[in-house]
Amino acid sequence: MVPESYYLALSAALFAIGVVGVIIRRNPLVIFMSIELMLNAGNLAFVAFGHRLGSPDGQALVFFVMAVAAAEVAVGLAIIVAIFRLRRRLSIDDLSLMRW
Amino acid sequence: MSLAAFVIIALIAVGSALGLVVKKNPIHGALFLVVNLGSIAALYLMLGAEFLAAAQVIVYAGAIMVLFVFAIMVLIPGKEETGPDPRRTLRLWALPVGGILFVQVVALLLLSRVAPAPAKPPVAGGVESIGRLLFTDYLFPFELTSVLLLAAMVGVLLLARRRA
């Protein structure tokens, strides 16, 4: 049996890698994929905690996270395509219109 | 035995995650992410969550990644991120920030008092237990999810419509 803490450490590592990806990349599509990575790290932690507590609630939560992630990806990609149509290029540094 | 399997799968997961962050070409990044999602599905199997492993492969590695690859192909951003980075000094902070975050989370896990594992055996992660839970305790969030998906669908249609 692998201890649950190993899964949690792996989840933390994947989340940190996702954060680094969001910060260093300039392509919004890659930033989106890094966000998916972070969502999956959270899901892995949910399943590991549920396994430890012996309850299926963690898995039900992961089910909802998957549904929300699917909706989020669809809307986010549509926004990126709309921005690309408007500007004809795709760099996150150009999108400072709504910045404070 | 299972520990060796875990170490191998974890190495694949971390390596493919690093590949996603490091690779210049977004298509390569997307393929690395597919590998990463598959390895996480394997970890779900090791944790006894069979339904989630199947859903992970179908929903994430199947549907969502197809959407990503499609968007990458449509937007042809293969030539992005080649010029000099205008905010290079700002982005040099990324590694310290990520490292500090990782250390913080691991320290939190090490320091926190985790309750001892209950004596009852782990539940089966099959379709039956999840489905029973979704249609009893989580019925209202489940129905809300359908509304959310409908709203996302309508919103995407609105956003993707070519303005006449």
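Me: What percentage of the 164 residues of chain B count as buried?

Reply: Keep in mind that this is a predicted model. For chain B, 23% of the 164 residues fall in the buried class.

Me: How many helices and strands does chain B have?

Reply: Chain B has seven helices and zero strands. Going along the sequence, the pattern reads α-α-α-α-α-α-α.

Me: And what does the domain assignment of chain B give?

Reply: Domain 1 covers 1–79 and domain 2 covers 126–164. Taken over C-alpha atoms, the centres of these two domains of chain B are 23 Å apart. As for contacts in chain B with a separation of 6 or more, 54% of them join residues 24 or more positions apart.

Me: Let's do helix pairs. At roughly what angle do the axes of H2(A) and H3(A) cross?

Reply: General idea: an angle over 145 degrees counts as roughly antiparallel. Here the axes of H2(A) and H3(A) cross at roughly 175° and come within 9 Å, so the two helices are roughly antiparallel to each other.

Me: Which residues meet there?

Reply: On the H2(A) side, they include A:Phe32, A:Leu39, A:Phe46 and A:Gly50. On the H3(A) side, A:Leu61, A:Val65, A:Ala69 and A:Ile80 are among them. By class, the contact of H2(A) with H3(A) splits into 13 nonpolar, six polar and two charged residues.

Me: Zooming out, how many residues of chain A are in contact with chain B?

Reply: The general idea first: the size of an interface is often given as the accessible area lost when the parts come together. Here we have residue counts instead: 60 residues of chain A are in contact with 70 of chain B. On chain A's side, H1 (4–24), H2 and H3 (57–87) each supply at least two residues.

Me: Which helix gives the most to that side?

Reply: H3(A) does, with 21 residues. The side of chain A that touches chain B divides into 45 nonpolar, ten polar and five charged residues.

Technical notes: Residues are numbered from 1 along each chain as its sequence is written. Chains are lettered from A and ligands numbered from 1 in the order in which they are written. This is a predicted model: local features need pLDDT of at least 70, side-chain atom pairs count only at pLDDT 80 or more; totals for chains, interfaces and linings use all residues. Two residues are in contact if their C-beta atoms, placed from the backbone, lie within 7 Å. Helices (H or I, at least four residues) and strands (E, at least two) are DSSP runs, numbered from the N terminus. Ala, Val, Leu, Ile, Met, Phe, Trp, Tyr, Cys and Pro count as nonpolar, Asp, Glu, Lys and Arg as charged, and the others, Gly among them, as polar. Domain bounds come from an automatic or database domain assignment. A residue is buried if 20 or more other C-beta atoms lie within 10 Å of its own, exposed if 12 or fewer, and partly exposed in between; C-beta atoms are placed from the backbone. Axes are lines fitted to C-alpha atoms, for helices over the stretch in contact, and angles run from 0 to 180 degrees between N-to-C directions. Angles under 35 degrees count as roughly parallel, over 145 as roughly antiparallel, 65 to 115 as roughly perpendicular and the rest as oblique.
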